[in-house]
Amino acid sequence: MENLTVPPESREMRRIVYDRFGDADQLRLEPAAVPQPGDGQVCIRVAGAGLNPIDWKTRKGLGFAAQQIETKLPWTPGYDLSGEVVSVATDVRTLAPGDRVMGMVGFPADGGAYAEYALARADELAIVPEELDLVSAGAVPLAALTAWQALFEVAKLEPEQKVLIHAGAGGVGHFAIQFALVRGAHVIATASASNKDFLDGLGVHEVIDYTTTDFVDECYGLDVVLDLLGGNVGKRSLHTLSEHGVLVTIPTVTADEIISAAEAMSLRAHGMTVRPEVFHLEEIAELIEDGDVRVHIDRVFTLAQAADAHRLLEQGHVRGKLVLDCLAP
């Protein structure tokens, strides 16, 4: 990492911005002043910035986050980051320069992680386990928190329950599988045949190849379904639930129709929006530190390659996570 002894206010940084909603070509790299922390904030030299589906959906003007930023353009995307604290506000006592941190920051209206330096609230940040390299840590917060809150807050998953996780090889999915296994659940996951070995390696009890097999024919009496796809998949998944089972659907666009379909069948379904929660993130960090959960990085891009990363992300077949290495030239 570069020498950080120069005062931040005298340095310039690079960041990704877009001026209008549109395709990945809207993302551009520009110089900017290093931001200074306000009350309760720290400034971080960003090592890794994780990419999530909400990033490209917001860039295209879709979803609730886009509605909140449409008057704030130009805007720097990114809610996931990891890095080293370089400066702190005078009222911050929990963190100090040199601390290795990760967090889900600026959600949903501020963003800012696709940059060499970024601001974050101190209470959004957890210490990165020594076992996890700093760039990879940027891929953890939003996806892992989504999986954690869906399984344990909304679905209230218990040991020995049976859970179906759609898109198990993806960012949220591969965390959810590992969390459910740690909790002692019986885990079934859908994925393409090319990801079967990957999921077997995570310890999944049953892998269903969605390209050749109808999961509705294979699953019944389930306690929990984690629907990461939405739409028709979510609605059809209701047929796999037990009388007392619960489905948690993550895509917000189709959540209402899935919940209505569940009500018509006298079943339970819930949507959810992830929120920053440092206590959950610290529990996740502990699982990573203990070796019970690992972070799979599919590909690493530089800041200058952010548009290429978005194009790949938008295709929807990423195994694990994509991350921007914000330390790379």
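What follows is a chat about the pockets, cores and a few residues of a predicted model.

Biologist: Before we start, what kind of model is this, and how are residues numbered?
Modeller: It's a predicted model, where local features need pLDDT of at least 70, side-chain atom pairs count only at pLDDT 80 or more, and totals for chains, interfaces and linings use all residues. Residues are numbered from 1 along each chain as its sequence is written, and side-chain values use heavy atoms, with hydrogens and water left out.

Biologist: How many residues line the largest pocket?
Modeller: 45 residues line it, and Pro53, Lys57, Leu228, Leu229 and Pro251 lie nearest its centre. To count as lining, a residue needs an atom within 4 Å of a point.

Biologist: Which element gives the largest share of that lining?
Modeller: Helix 1, with five residues. The elements giving two or more residues to the lining include helix 1 (53-59), helix 4 (141-154) and strand 15 (321-325). Helices (H or I, at least four residues) and strands (E, at least two) are DSSP runs, numbered from the N terminus.

Biologist: And by class, what's in the lining of the largest pocket?
Modeller: You get 26 nonpolar, 16 polar and three charged residues. Nonpolar covers Ala, Val, Leu, Ile, Met, Phe, Trp, Tyr, Cys and Pro, charged covers Asp, Glu, Lys and Arg, and the others, Gly among them, are polar.

Biologist: What about the second largest pocket?
Modeller: That one holds about 350 Å³ of space. It has 20 lining residues, with Thr76, Asp110, Gly111, Gly112 and Leu119 nearest its centre. Strand 6 gives the largest share of the lining, five residues. By class, the lining has eleven nonpolar, five polar and four charged residues.

Biologist: Switching topic: which residues have the most contacts inside the largest nonpolar core?
Modeller: Val140, Phe179 and Leu324, in a core of 94 residues. Helix 4 supplies the largest share of this core, nine residues. A nonpolar core is a set of buried Ala, Val, Leu, Ile, Met, Phe, Trp, Tyr and Cys residues joined through side-chain atoms within 4.5 Å. Apart from it lies another core of 15 residues, including Leu164 and Leu247.

Biologist: What does Val140 touch?
Modeller: Leaving aside neighbours within four places in sequence, Val140 is in contact (heavy atoms within 4.5 Å) with residues including Asp80, Leu132, Phe175 and Val295.

Biologist: Asp80, then. Is Asp80 buried or exposed?
Modeller: Asp80 is buried because its relative accessible area is 0%. Buried means under 20%, exposed over 50% and partly exposed in between, using a 1.4 Å probe and protein chains only. Asp80 is in strand 4 (residues 80-88).

Biologist: What does the side chain of Asp80 pair with?
Modeller: It makes a polar contact with the side chain of Asn52 at 3.1 Å, and it reaches the backbone nitrogen of Leu142 at 2.7 Å. A polar contact is a pair of N or O atoms within 3.5 Å; within protein, one must be able to donate a hydrogen and the other to accept it, and residues adjacent in sequence count only if both atoms are side-chain atoms.

Biologist: And where is Thr249?
Modeller: In strand 12 (residues 241-249). Thr249 counts as buried because its relative accessibility is 0%. Its side chain has a polar contact of 2.7 Å with the side chain of Asp227.

Technical notes: 1 Å grid on protein atoms, 1.4 Å probe; cavity = no way out; pocket = protein on both sides within 12 Å on 5 of 7 lines; lining within 4 Å. Points joined across faces, edges and corners; volume = space filled by probe spheres on them.
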